[in-house]
Amino acid sequence: MTEFNYVINDRQGIHARPAGQFVKEAASFPCEVRIAKDGKEVDAKRILGVMGLGAKCGETITVKTDGEREAEAAEHLKKFLAENL
């Protein structure tokens with residue numbers, strides 16, 4: 001399992017457009033991808049789960065990847081978050 005923390009920088013937090021893009025990016029990898037915040041963990045390949053976290057600007061999320069190509073997925077998703085959120 002690979003995991004990393006990320007602090008949301010977008011003033012609107014995780015909102016619909018970047019959440020949808022994140023889900024597509026996560027779904028492009030065969031490994032399991034999960035996001036956790038404040039003790040709640042969801043499947044990052046499901047938009048309702050990602051939106052349901054309600055991550056706001058300044059809050060920290062933890063992204064976990066597990067399985068085939070997990071390290072590659074983690075690096076790709078970290079870069080995506082830095083560029084979009």
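**Entry 1: Phe 22 and Phe 80**

I looked up two phenylalanines and found that Phe 22 and Phe 80 are both buried; by the cut-offs I use, buried is under 20% relative accessible area, exposed is over 50%, and partly exposed lies in between (1.4 Å probe, protein chains only). The model is a predicted one, in which local features need pLDDT of at least 70 and side-chain atom pairs count only at pLDDT 80 or more, while totals for chains, interfaces and linings use all residues. Residues are numbered from 1 along each chain as its sequence is written, and side-chain values use heavy atoms, with hydrogens and water left out.

I then looked for aromatic pairs and found one in the structure. Its members are Phe 22 and Phe 80, with ring centres 5.9 Å apart and planes at 50°, so I noted the pair as tilted. The rule is that rings of Phe, Tyr and Trp (its six-membered ring) pair if their centres lie within 6.5 Å, with planes under 30 degrees apart counted as stacked, over 60 as edge-to-face and the rest as tilted. Phe 22 sits in helix H1 and Phe 80 in helix H3, so the pair ties together parts 58 residues apart in sequence. Helices (H or I, at least four residues) and strands (E, at least two) are DSSP runs, numbered from the N terminus.

**Entry 2: surroundings of Phe 22**

I placed Phe 22 in H1, which covers residues 16-27. The relative accessibility of Phe 22 is 3%. Leaving out residues up to four places away in sequence, I listed its contacts as Ile 35, Ala 44, Leu 77, Phe 80 and Leu 81; contact means heavy atoms within 4.5 Å. I also checked Arg 46, which is 24 residues from Phe 22 in sequence and 9.7 Å from it in space, C-alpha to C-alpha.

**Entry 3: helix H1**

I checked the length of H1: at 1.5 Å a residue its twelve residues should span 16 Å, and the end C-alpha atoms are 16 Å apart, which agrees. The expected span is 1.5 Å times one less than the number of residues. In H1 I found Pro 18, Ala 19, Gly 20, Phe 22, Val 23 and Ala 26 buried. The cover over the buried residues of H1 includes S2, helix H2 (47-52) and H3.

**Entry 4: the core**

I looked up the largest nonpolar core, which has 25 residues; Ile 14, Ile 35, Ile 61, Val 63 and Leu 81 touch the most other members. Strand S1 (2-7), H1, strand S2 (32-37), strand S4 (60-66) and helix H3 (70-84) each give two or more residues to this core. H3 gives the largest share, five residues. Such a core is a set of buried Ala, Val, Leu, Ile, Met, Phe, Trp, Tyr and Cys residues joined through side-chain atoms within 4.5 Å. For Leu 81, not counting residues up to four places away in sequence, I listed contacts with Phe 4, Tyr 6, Phe 22, Ile 61 and Val 63.

**Entry 5: the S2-S3 hairpin**

I found S2 paired with strand S3 (residues 40-43) in the antiparallel sense over four bridges; strands pair if DSSP finds at least two bridges between them. The two strands form a hairpin with two residues between them, and Asp 38 in the turn has a positive phi of about 50°. Arg 34 stands opposite Asp 43 in S3.

**Entry 6: salt bridges**

I counted eight salt bridges in the structure. The criterion is a side-chain nitrogen of Lys or Arg within 4 Å of a carboxyl oxygen of Asp or Glu. Glu 32 and Arg 34 form one, their closest N and O atoms being 3.8 Å apart. Arg 34 also meets Glu 41 in a salt bridge at 2.8 Å, N to O. I looked up the relative accessible areas: Glu 32 is partly exposed at 41%, Arg 34 is partly exposed at 23%, and Glu 41 is partly exposed at 33%. A network of salt bridges links Glu 32, Arg 34, Glu 41 and Lys 64.

I noted another salt bridge between Lys 37 and Asp 38 (2.9 Å, N to O). Lys 37 is buried, with 10% relative accessibility, whereas Asp 38 is exposed at 68%. Lys 37 is in strand S2. Leaving aside neighbours within four places in sequence, Lys 37 is in contact with Leu 53, Gly 54, Ala 55, Glu 59, Thr 60 and Ile 61.
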